[in-house]
Amino acid sequence: MVAGPVQQPSLVARPSAAHPHPAGLPADPHPIGLPGQPRPAGLAGDVHAFGRAVAVATTEPHWREEVLLRLRPVGQGFTEHVRVTEGPTGLYRELLTQSPRLDHGVRLLTREHSAIIAAILAVQRVAEQPEVNPDEVRHRAGNLLRRLARHRRRGADLLWEAYQMDLGGET
């Protein structure tokens, strides 16, 4: 018996050797996991790829360029996340319509959106400046990754609270 909402993993299969990367798209220079294993999709996958790029030794050629390259989809994905959650027909409006008691949690997550966008821009600004010490880039990137992880956890907790309580599940 399931005691709460069933979560589907956000995973997609990696291209195998039999199915090469789609034409025009470069292969991932920093593969995640073993060949043929699933990897996170969407924003979660972009955040993971960004974290891996930041973790590479700063002495590697083109380290900054790779960090900036991996940061771009994180910014785009997070902008889409904000649109989907805060929009007029967004998730937060739906949650508040069904569960007004979640107002505080929704307001907290909404405030975090602007702080995370500012953190993304801060990483971009420092990474674009070659004279800035790579440790500063790493420090800002680590701050961004922690904020994203905390935001994701709080969002998951809010959804759990909404659906666990509303479905009358056991606690």
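## Ala 127 and the end of helix 4

Ala 127 counts as buried, at 3% relative accessibility; here buried means under 20% relative accessible area, exposed means over 50%, and partly exposed lies in between, using a 1.4 Å probe and protein chains only. Ala 127 lies in helix 4. Helices (H or I, at least four residues) and strands (E, at least two) are DSSP runs, numbered from the N terminus. Not counting residues up to four places away in sequence, Ala 127 touches Arg 64, Leu 68 and Val 137, where contact means heavy atoms within 4.5 Å. Ala 127 and Val 137 are 10 residues apart along the chain, and their C-alpha atoms are separated by 5.7 Å.

## Model and confidence

This is a predicted model in which local features need pLDDT of at least 70 and side-chain atom pairs count only at pLDDT 80 or more, while totals for chains, interfaces and linings use all residues. Residues are numbered from 1 along each chain as its sequence is written, and side-chain values use heavy atoms, with hydrogens and water left out.

The mean pLDDT of the protein is 80, and 73% of its residues reach 70 or more; pLDDT is the predictor's confidence in each residue, from 0 to 100. Confidence is highest in helix 4, at 96, and lowest in strand 1 (residues 11-13), at a mean of 38. Over residues 1-34 the pLDDT is below 50, and this stretch has 42 contacts in the model beyond near neighbours in sequence. Where pLDDT is low, the predicted coordinates should not be read in detail.

## Overall layout

The protein has 5 helices and 2 strands, in the order β-β-α-α-α-α-α along the sequence. Of its 171 residues, 31% are buried. Among contacts with a separation of 6 or more, 69% join residues 24 or more positions apart. The protein exposes about 10900 Å², of which carbon and sulfur atoms supply 58%; accessible areas come from the Shrake-Rupley method with a 1.4 Å probe, and for residues only the protein chains shown count as cover.

## Helix lengths

The expected span of a helix is 1.5 Å times one less than its number of residues. Helix 1 has 14 residues and reaches 20 Å from its first C-alpha to its last, close to the 20 Å expected. Helix 2 (residues 63-86) has 24 residues and should span 34 Å; its end C-alpha atoms are 34 Å apart, which agrees.

## Nonpolar cores

A nonpolar core is a set of buried Ala, Val, Leu, Ile, Met, Phe, Trp, Tyr and Cys residues joined through side-chain atoms within 4.5 Å. The largest one has 21 residues, and those with the most contacts inside it are Phe 50 and Leu 144. Helix 1 (42-55), helix 2, helix 4 and helix 5 (134-166) each give two or more residues to this core. Leaving out residues up to four places away in sequence, Phe 50 touches Val 67, Arg 70, Leu 71, Val 74, Val 123, Ala 141, Leu 144 and Leu 145. Another core, of 7 residues, lies apart from it and includes Tyr 92, Leu 109, Leu 158 and Ala 162.

His 113 lies in helix 4 (residues 103-127) and is buried, with a relative accessible area of 2%. Its side chain makes a polar contact with the side chain of His 151 (3.1 Å). A polar contact is a pair of N or O atoms within 3.5 Å; within protein, one must be able to donate a hydrogen and the other to accept it, and residues adjacent in sequence count only if both atoms are side-chain atoms. Beyond four places in sequence, His 113 touches Phe 78, His 81, Val 82, Thr 85, Glu 86, Tyr 92 and His 151.

Glu 112 is also placed in helix 4 and is buried, with a relative accessible area of 11%. Not counting residues up to four places away in sequence, Glu 112 touches His 151 and Arg 154.

## The loop between helix 1 and helix 2

Val 56 lies in this loop and is partly exposed, with a relative accessible area of 22%. The C-alpha atoms of Val 56 and Glu 66, 10 residues apart along the chain, are separated by 9.6 Å.

His 62 is placed in the loop between helix 1 and helix 2 and counts as exposed, at 57% relative accessibility. Phi of His 62 is near 65°, a positive value in a residue other than glycine. Most residues other than glycine have a negative phi.
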